[in-house]
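Good morning, everyone. I will take you through one structure today, a few places at a time. Please have a look at it before I go on.

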Amino acid sequence: MSLLSQHMTAAVLYGKEHLRIETVDVPQVEPGDVLVRVRAALTCGTDVKVFRRGYHARMIQPPALFGHELAGDIVAVGSAVQDFKVGQRVVAANSAPCGECFFCKRNQENLCSDLLFNNGAYAEYIRIPARIVEKNMHQLPVHISYQDAALVEPLACVMRGLEETGVRPGDTVAVIGLGPIGMMFVRLAKSVYKARVIAIGRRQSQLDRAQRMGADELVLNDEGADIVGPVKALTSGQGADVVIEAVGLPEVWQLAIQLLRRGGVVNFFGGCPTGTEVGVDTNLLHYSELTLKASFHHTPVLIRKALEAVSRGYISAKDMVNRVEPLANLLEVMQHLMSHNGHLKTAIIP
Ligand SMILES: [Zn+2]
Ligand SMILES: [Zn+2]
């Protein structure tokens, strides 16, 4: 630690739309922890939600260091760390499960009763706690850039969503919502799962992007536009085998159900505002044998698989990140991202 200055610049979240770039102490490293010099931190829809709302019940309670998608260099290791050393380039996930609870023992670590979250990526340095070091931190192959690597966390969530949904080759997969998460679904459904992809988004620019990511069919979800008709027309009147909701609004959840064929599966991937509800036509659910699923978060196995997918070039920052900004501009970046849903990511370079 002696080589490092004792202070650093970091974003501190104080509450609703209230964050400041401040000088704070460099985090202390306990025996199992490592300290990482952040080289790229990516904005995420969850961060924008947290910024708008001022907190997240499970992930972050202000005042707190902020940001969770990052990659960087190890600059200090605790006395008990054996698998990593100073100078390594790494990506660390934003959480790690306990490994001992009911859910962890059933391979549902994403639902762990004691999921440990870590924030503080929008800073010069971040402490990676021992549990994440052990379970969810990986050294980067030389050909992976910091920005590419920082995509591993959201990508792991998306890959888990696809695995849980059970997409088969040749399936028609409709993806509603074409922000970075929706784009990852489009790309992987097409290139890894060999599905036919219908991309549904609110802007022509998003549809163009989705096409470049491999979408076969494009449907513009304009104010008041009929979406069910076009999707049925593209599926011989039946509806899609699989629908992914990547928006997180009750009315879009409802739309997702209507796009399914009989026996189809919907994944409500986008989390809706707290307290909202969705009504379901019981006859439709029963007689059409619909499967309604939701996916939350990731597991250590999926973090490894996501790093592998990034390493093979399936997902890359050039498609997901469209701005690079210094940490000093974070407030302005967050305000911009709040203007509408579906922005691509900004890379913050602290
Ligand atoms: Zn995220
Ligand atoms: Zn657990």
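The backbone nitrogen of arginine 168 lies 2.8 Å from a polar atom in the side chain of aspartate 171. That is a polar contact, meaning a pair of N or O atoms within 3.5 Å, where within protein one must be able to donate a hydrogen and the other to accept it, and where residues adjacent in sequence count only if both atoms are side-chain atoms. Aspartate 171 sits in the loop between α5 (152-165) and β11 (172-176). For these labels, helices (H or I, at least four residues) and strands (E, at least two) are DSSP runs, numbered from the N terminus.

Before I continue, this is a predicted model, in which local features need pLDDT of at least 70 and side-chain atom pairs count only at pLDDT 80 or more, while totals for chains, interfaces and linings use all residues. Residues are numbered from 1 along each chain as its sequence is written, chains are lettered from A and ligands numbered from 1 in the order in which they are written, and side-chain values use heavy atoms, with hydrogens and water left out.

A salt bridge is a side-chain nitrogen of Lys or Arg within 4 Å of a carboxyl oxygen of Asp or Glu.

On to salt bridges. Side chains of opposite charge can pair when their charged atoms come close. How many salt bridges does the structure hold? There are 16. One of them joins aspartate 241 and arginine 261, at 2.4 Å from N to O. Aspartate 241 lies in strand β14 and arginine 261 in strand β15 (residues 260-268), so this pair ties together parts that are 20 residues apart in sequence. Both aspartate 241 and arginine 261 are buried.

Lysine 318 pairs with aspartate 319 in a salt bridge whose closest N and O atoms are 3.7 Å apart. Lysine 318 counts as exposed, at 69% relative accessibility. A network of salt bridges links Arg187, Lys318 and Asp319. Glutamate 332 forms a salt bridge with arginine 323, and there the closest N and O atoms are 3.2 Å apart. Glutamate 332 is partly exposed at 39%, and arginine 323 is partly exposed at 21%.

Next, the backbone. Proline 62 and proline 63 are joined by a cis peptide bond, with omega about -5 degrees. Proline 63 is in the loop between α1 and β4 (64-65).

Serine 236 has a positive phi of about 50 degrees although it is not a glycine. Histidine 297, also not a glycine, has a positive phi of about 65 degrees. Is serine 236 buried or exposed? Serine 236 is exposed, at 71% relative accessible area, in the loop between α8 (228-233) and β14 (240-245). Histidine 297 is buried, at 7%, in the loop between β16 (291-294) and α11 (300-311).

Last, the spaces. On a 1 Å grid over the protein atoms alone, a cavity is a set of points where a 1.4 Å probe fits but cannot get out, and a pocket is an open set with protein on both sides within 12 Å along at least five of seven lines; lining residues have an atom within 4 Å of a point. Grid points are joined across faces, edges and corners, and a volume is the space filled by probe spheres set on the points.

The structure holds one cavity of 30 Å³ or more. The largest cavity has a volume of about 60 Å³, and its lining includes Thr46, Asp47 and Val50. Helix α1 (residues 45-53) gives the most to that lining, with three residues.

The second largest pocket has a volume of about 170 Å³. Among the residues that line this pocket are Met159, Glu163 and Lys305. Helix α11 contributes the largest share of the lining, three residues.

How values were computed. Buried < 20%, exposed > 50% of the residue type's maximum accessible area, 1.4 Å probe, protein only.
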